[in-house]
Amino acid sequence: MDTGILILRLLVGLLVAGHGVQKVSTHLGGRGLAGGTEEFRADGFRGGALTALAAGGGQIGSGLLLAAGFLTPLAATGTIGVMTVALTVKWRHGLWVQNDGYEYPLVLIGTAAALAATGPGAWSLDAALGLTPYPLWWAALALAAGLGSGLLTRIVLHRLPAPANAER
């Protein structure tokens, strides 16, 4: 079981971190901070480069923590939060990823929540430092805080569309 959890943590954590790297740099196929800023603006977010840096930093940090199995409930909360924002962006396209839907963010949210519930396994920094096992209520807290922070971010940073009859 610990081997499976390790593989899952590494896969999901490194993918989430890599997605963050793409938001703020040209590494891993990213378009740099300017490209990340443009992506957020195209999705209707305000805040420019600061928004891209916060999102990219959140993805890098939570992904690396998840991969290492360190402070796993916190790592899961961060992953759930940033992926909740991504889910809200893709919601209008439906579930399936081939239609630019929210399938991928939903899988990452579910995986992070599951890792918060199972714990990071024996081959983790949490285990090495004696931080495990985490009580199950940490998983519920991680899910609630992650979903809540992602939805709050969407509400606070998303621009409302201009009214159709607005004066120019």
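Thr72, Ala76, Thr79, Ile80, Met83, Thr84, Ala86, Leu87 and Lys90 of H4 meet Pro105, Leu106, Leu108, Ile109, Ala112, Ala113, Leu115 and Ala116 of H5. Contact means heavy atoms within 4.5 Å. Helices are DSSP runs of H or I with at least four residues, numbered from the N terminus. The residues of this contact split into 13 nonpolar, three polar and one charged. Nonpolar covers Ala, Val, Leu, Ile, Met, Phe, Trp, Tyr, Cys and Pro; charged covers Asp, Glu, Lys and Arg; the others, Gly among them, are polar.

A word on the source. This is a predicted model: local features need pLDDT of at least 70, side-chain atom pairs count only at pLDDT 80 or more, and totals for chains, interfaces and linings use all residues. Residues are numbered from 1 along each chain as its sequence is written, and side-chain values use heavy atoms, with hydrogens and water left out.

Now the geometry. H4 (residues 72-90) and H5 (residues 103-118) pack at about 160 degrees, with axes 8 Å apart. Axes are lines fitted to C-alpha atoms, for helices over the stretch in contact, and angles run from 0 to 180 degrees between N-to-C directions.

H5 has another partner. The axes of H1 and H5 come within 11 Å and cross at roughly 135 degrees. H1 and H5 are therefore oblique to each other. Ile5, Leu8, Arg9, Val12, Leu15 and Val16 of H1 make the contact with Tyr104, Leu108, Thr111, Leu115 and Thr118 of H5. That contact has eight nonpolar residues, two polar and one charged.

Next, two backbone details. Most residues other than glycine have a negative phi, and most peptide bonds are trans. Leu28 is not a glycine, yet has a positive phi of about 60 degrees. Leu28 sits in the loop between H1 and H2. The peptide bond from Thr132 to Pro133 is cis, with omega near 0 degrees. Where is Pro133? Pro133 lies in the loop between H6 (125-128) and H7.

Notes:
Helices (H or I, at least four residues) and strands (E, at least two) are DSSP runs, numbered from the N terminus. Angles under 35 degrees count as roughly parallel, over 145 as roughly antiparallel, 65 to 115 as roughly perpendicular and the rest as oblique.
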